[in-house]
Amino acid sequence: MTTSQTQSFYDAVGGHETFVRLVHTFYVGVAADPELRALYPDEDLGPAEVHLRMFFEQYWGGPTAYSEFRGHPRLGMRHAPFAVSPRARDLWLTHMHTALQESGMTDDQVAQFWAYVSRAAHFLVNTTDEPEATPELIAIEETERPPSR
Ligand code: HEM
């Protein structure tokens with residue numbers, strides 16, 4: 001007898017408890033990272049934590065509460081108000097990596113989860129890391145401009 005062929009990733013990694021642990025560890029990291037924390041508009045990270053947890057649970061074959069409460073994920077649109085630069089993405093992924101290491105998943109499960117989130121995070125980048133225009137940078141740009149005739 002085996003049920004493993006039809007078992008969802010959600011069940012295989014330990015179900016609800018594992019997702020609660022993973023997303024909580026992630027948000028503990030976000031809360032302690034002033035640069036990333038600044039992107040989150042609310043003083044209370046609790047609702048953001050619940051939304052991300054429900055989203056992951058649904059994505060990996062668990063309960064579909066996310067859609068019931070939040071509707072279609074439309075992740076690109078939902079991240080549009082936030083400046084997701086390559087740097088913000090890398091900070092986000094660093095905290096997710098730590099949370100995955102501490103989640104109790106096997107190495108293979110961590111690798112599967114990581115493949116998904118790292119790909120998704122790259123697609124959510126919606127701005128650059130360009131520095132503010134300082135007088136020095138403006139001067140450099142002007143000297144590099146071809147002479148106008
Ligand atoms: C690339 C770096 C990322 C940054 C900087 C970022 C940032 C944010 C912020 C600021 C919010 C709003 C939280 C709030 O409502 O208070 C949010 C919400 C959310 N993010 Fe991200 N995020 C990133 C990547 C991802 C990825 C890779 C996923 C999923 C694969 C994801 C899934 C979500 C979900 C499901 C929500 C809640 C949407 C809702 O129902 O309102 N995010 N994110």
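**Helix packing, ligand shell and selected residues**

Asp-33 touches Leu-91 and His-95, residues up to four places away in sequence being left out of account; contact here requires C-beta atoms, placed from the backbone, within 7 Å. The structure is a predicted model, in which local features need pLDDT of at least 70, side-chain atom pairs count only at pLDDT 80 or more, and totals for chains, interfaces and linings use all residues. Residue numbers start from 1 along each chain as its sequence is written. Asp-33 sits in the loop between α2 and α3 (34–37). Helices (H or I, at least four residues) are DSSP runs, numbered from the N terminus. Asp-33 is partly exposed because 15 other C-beta atoms lie within 10 Å. On this scale a residue is buried with 20 or more other C-beta atoms within 10 Å of its own, exposed with 12 or fewer, and partly exposed in between, the C-beta atoms being placed from the backbone. Asp-33 and Leu-91 are 58 residues apart along the chain, and their C-alpha atoms are separated by 8.5 Å.

Two packed helices are described by the angle between their axes and the distance between the axes. The axes are lines fitted to C-alpha atoms, for helices over the stretch in contact, and the angles run from 0 to 180 degrees between N-to-C directions.

Helix α2 (residues 16–31) packs on helix α4 (residues 46–59) at an angle of about 140°, and their axes are 9 Å apart. α2 is therefore oblique to α4. Angles under 35 degrees count as roughly parallel, over 145 as roughly antiparallel, 65 to 115 as roughly perpendicular, and the rest as oblique. The α2 and α4 crossing is right-handed. A crossing is right-handed if the near helix is turned clockwise from the far one by less than a right angle, and left-handed if anticlockwise. From α2, the contact takes Phe-19, Val-20, Val-23, His-24 and Tyr-27; from α4, it takes Glu-49, Leu-52, Arg-53, Phe-56 and Glu-57. The contact of α2 with α4 has 6 nonpolar, 1 polar and 3 charged residues. Ala, Val, Leu, Ile, Met, Phe, Trp, Tyr, Cys and Pro count as nonpolar, Asp, Glu, Lys and Arg as charged, and the others, Gly among them, as polar.

α2 also packs with α7, at an angle of about 140° and with the axes 8 Å apart. α2 and α7 are therefore oblique to each other. Their crossing is right-handed. Leu-22, Thr-25, Phe-26, Gly-29 and Val-30 of α2 meet His-95, Met-96, Thr-98, Ala-99 and Leu-100 of α7. This contact of α2 with α7 comprises 6 nonpolar, 4 polar and no charged residues.

The crossing of α7 and α8 is right-handed. α7 contributes Arg-89, Trp-92, Leu-93, Met-96 and Leu-100, while α8 contributes Val-110, Phe-113, Trp-114, Val-117, Ser-118, Ala-121, His-122 and Leu-124. By class, the contact of α7 with α8 divides into 10 nonpolar, 2 polar and 1 charged.

The ligand is surrounded by 21 residues, of which the closest are Ala-48, His-51, Phe-55, Trp-92 and Ala-120. A residue belongs to this shell if its C-beta atom, placed from the backbone, lies within 6 Å of the molecule. At least two shell residues come from each of α4, α6 (75–79), α7 (86–101) and α8 (107–124). The shell around the ligand has 15 nonpolar, 2 polar and 4 charged residues.

Three further residues were examined individually. Trp-60 lies in the loop between α4 and α5. Trp-60 counts as buried because it has 20 C-beta neighbours inside 10 Å. Neighbours within four places in sequence aside, Trp-60 is in contact with Ser-8, Phe-9 and Tyr-10. Trp-60 and Ser-85 are 25 residues apart in sequence and 26 Å apart in space, C-alpha to C-alpha.

Arg-74 lies in the loop between α5 (65–70) and α6. Arg-74 is not a glycine, yet has a positive phi of about 35°. With 10 C-beta neighbours inside 10 Å, Arg-74 counts as exposed.

Asp-11 belongs to helix α1 (residues 9–12). Asp-11 is partly exposed, as 16 other C-beta atoms lie within 10 Å. Asp-11 and Ala-111 are 100 residues apart along the chain, with their C-alpha atoms separated by 16 Å.

Conventions. Two residues are in contact if their C-beta atoms, placed from the backbone, lie within 7 Å.
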